[in-house]
Amino acid sequence: MAPLNRIIIDTDPGVDDILAMLLAFSAKPEELEVLLISVTFGNVDVQNCLRNVISMFHTIEKEQVWRRKNGHAPGFETLGMFKPIVAVGAEEPLADQLMMADYFHGADGLGGIHESHPHLTPAQTWQSLLEAAKTSESTPMDEAAEALVDFSRHPKSLFSPSETPAHQEILRLLRENEKDTITIVAIGPLTNIALAAAADPETFLRVKEVVVMGGTIGTPGNVRQPPPPIHPPLFSPPPPRFQLTKAPQTSLRTSLNIRNQITPVAEFNTYADSIAAARVYALTSPHPNSTMPPAPPAPPGKQADDPPPPFLANYPDRLSCQLPVTLFPLDITTSHLLTRGQFRETVAPLLDAGSPLAEWVAAFLSSTFGKIESLSARAAGDRVGLALHDPLCVWYMLTRREPAWTLTPHGPEDIRVETSGQWTRGMCVVDRRNRRRREDDGEGGEVPGDTGNWLGKGSGNRVGRVVGTPGEDKFGAYLLHRIFG
């Protein structure tokens, strides 16, 4: 039986990204096929993101061996039927300064697990990668791709490597498969997605749907300054070995990074590459160039009137269709929690029995629950909860036929992303004014009294936004049962 859904996961792992992928790979073959893991920068640098993906496959292999040895079904059935491609993508935003969320996820993206629990990491591959980085003039993405191919030579590898950049792999899969058969689940910054759309808009529009974890409409943002530690940490991971930001590491850059990582109105994925998000959302409009972000200032050494690089150029005036985007903003994801108590109750017997997967997940979630507890004034102990932002998108793909999944009642919304505000980079902007729509379609652009062309009947973006799920209280238990059996 053919899978009900065929997906590409674009990801920046990250704690909840790993949980999302584990949930996807726990599916049955008739439910889901994961064609591609497209890796991007985001929560941490792209090398650590890739290392976390490979560590996940390494742990799944060990878990399946352990389960068979103990008379259990190996699980992760869709991986047994379909081997996904893994490709490395963007290492920095299209035009913004690189920002990361390592203060929350840890320097390696998983709470320092590769240093605190080195036996859980396929170390030999990463040792060769790190040594190569010290002596090679190749780019970080090149080095990561080479390490990916090296690791996959293991005869029982659960994935197929690609040295092709991730956005090109996305386009290849869309080109080689029937139109409207592949969904992209984007749970990191949208840089890879924007690069694919810019390189070949018509091929990109063969996608069935882009499901996005990102943005916030009426909920406070989650981009904040790292707080000072209340107590000296028991374990302090070393600084990342890779510095992807091209500017020198100076006190000025550090202070600017801290200042710019504070905004009350943006969600991290959208903030991390606001221009990419704005460009992707523009493809939902009947007139995409009407909602495109303004071109950023020319970089040093370039003239202001030089043409922009291809990935920042306008789309063609006429495209064959609009892009279907389904958005999971913080408004809907934040309330879907996995509590420390739920997790501890599920994994305690598995840890006692020697489950490699339980040990690995417990290692990074223990750090994460501790971080959340240090940031929260309301929850402590077993009541501390991790918001399941990214896994919620995979739950949607697995159960989307359930009627409880609901979108905004009046149809898609004109959601635009702020890219140049002094205090509001990454903010999702909606028009809350109760004003009459214009009779014209807006194709002619702005008119007096309608700066931004918000009121034309054919203007603006058309983003579907999820407002209802099968249940906030159900998801944590569902996720644990799926992953751990």
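**Entry 1: Pro293**

I started with Pro293, which is buried at a relative accessible area of 16%; buried means under 20% relative accessible area, exposed over 50% and partly exposed in between, with a 1.4 Å probe and protein chains only. A note on what I am looking at: this is a predicted model, where local features need pLDDT of at least 70, side-chain atom pairs count only at pLDDT 80 or more, and totals for chains, interfaces and linings use all residues. Residues are numbered from 1 along each chain as its sequence is written, and side-chain values use heavy atoms, with hydrogens and water left out.

Pro293 sits in the loop between α13 (274-282) and β7 (325-328). Helices (H or I, at least four residues) and strands (E, at least two) are DSSP runs, numbered from the N terminus. What does Pro293 contact, leaving aside its neighbours within four places in sequence? I found Ile275, Ala278, Arg279 and Thr419, where contact means heavy atoms within 4.5 Å. Pro293 and Ala278 are 15 residues apart in sequence, and their C-alpha atoms are 6.2 Å apart.

**Entry 2: the whole chain**

I noted 18 helices and 13 strands. Of the 485 residues, 55% count as buried. Of the contacts with a separation of 6 or more, 83% are between residues 24 or more positions apart.

**Entry 3: the sheet**

I traced an open sheet of nine strands with mixed pairing, in the order β4-β3-β2-β1-β5-β6-β7-β13-β10. Two strands pair if DSSP finds at least two bridges between them. The edge strands, β4 (160-162) and β10 (406-407), each pair on one side only.

At the β4 end, β3 (residues 85-88) runs parallel to β4 and is joined to it by three bridges. Ile85 has Ser160 of β4 as its bridge partner. Helix α8 (residues 166-176) packs on the sheet and touches β1 (5-11), β2 (32-39), β3, β4 and β5 (183-186). The direction of α8 makes about 150° with that of β2; axes are lines fitted to C-alpha atoms, for helices over the stretch in contact, and angles run from 0 to 180 degrees between N-to-C directions.

Next I checked β6 (residues 209-213). Is this strand enclosed or open, and why? Five of its five residues are buried, so β6 is largely enclosed by the rest of the structure. In a regular strand the side chains alternate between the two faces of the sheet. Here Glu209, Val211 and Met213 are buried on one side, and Val210 and Val212 are buried on the other. β6 pairs with β5 in the parallel sense over four bridges, with Thr183 opposite Glu209. Four bridges also join β6 to β7, again parallel, and Val211 stands opposite Thr326 there.

**Entry 4: helix α16 and the cores**

Helix α16 (residues 356-375) has 20 residues and reaches 29 Å from its first C-alpha to its last. That is close to the 28 Å expected at 1.5 Å a residue, the expected span being 1.5 Å times one less than the number of residues. Its buried residues include Trp360, Val361, Phe364, Leu365 and Phe369.

I then looked at the largest nonpolar core, which has 73 residues. A nonpolar core is a set of buried Ala, Val, Leu, Ile, Met, Phe, Trp, Tyr and Cys residues joined through side-chain atoms within 4.5 Å. Leu22, Phe343, Trp360, Val361, Leu365 and Phe484 touch the most other members. Which helix gives the largest share of this core? I found that α16 does, with ten residues. Leaving aside neighbours within four places in sequence, Leu365 is in contact with Val15, Leu19, Leu338, Phe343 and Leu386. A second, separate core of 51 residues includes Leu36, Ile85, Ala197 and Val223.

**Entry 5: aromatic pairs**

Rings of Phe, Tyr and Trp (its six-membered ring) pair if their centres lie within 6.5 Å; planes under 30 degrees apart count as stacked, over 60 as edge-to-face and the rest as tilted. I get twelve aromatic pairs by this rule. Phe343 and Phe369 form a tilted one, 6.3 Å centre to centre with 50° between the planes. Phe343 lies in α15 (residues 340-353) and Phe369 in α16, so the pair ties together parts 26 residues apart in sequence. Phe343 is buried at 5%, and Phe369 is buried at 2%.

The ring centres of Trp360 and Phe364 are 5.2 Å apart and the planes are at 85°, so this pair is edge-to-face. Both lie in α16, four residues apart, about one turn of the helix. Trp360 is buried at 1% relative accessibility, and Phe364 is buried at 0%.

Last, I noted that ring pairs link Phe328, Trp395, Tyr396, Trp405, Phe475 and Tyr478 into a cluster.
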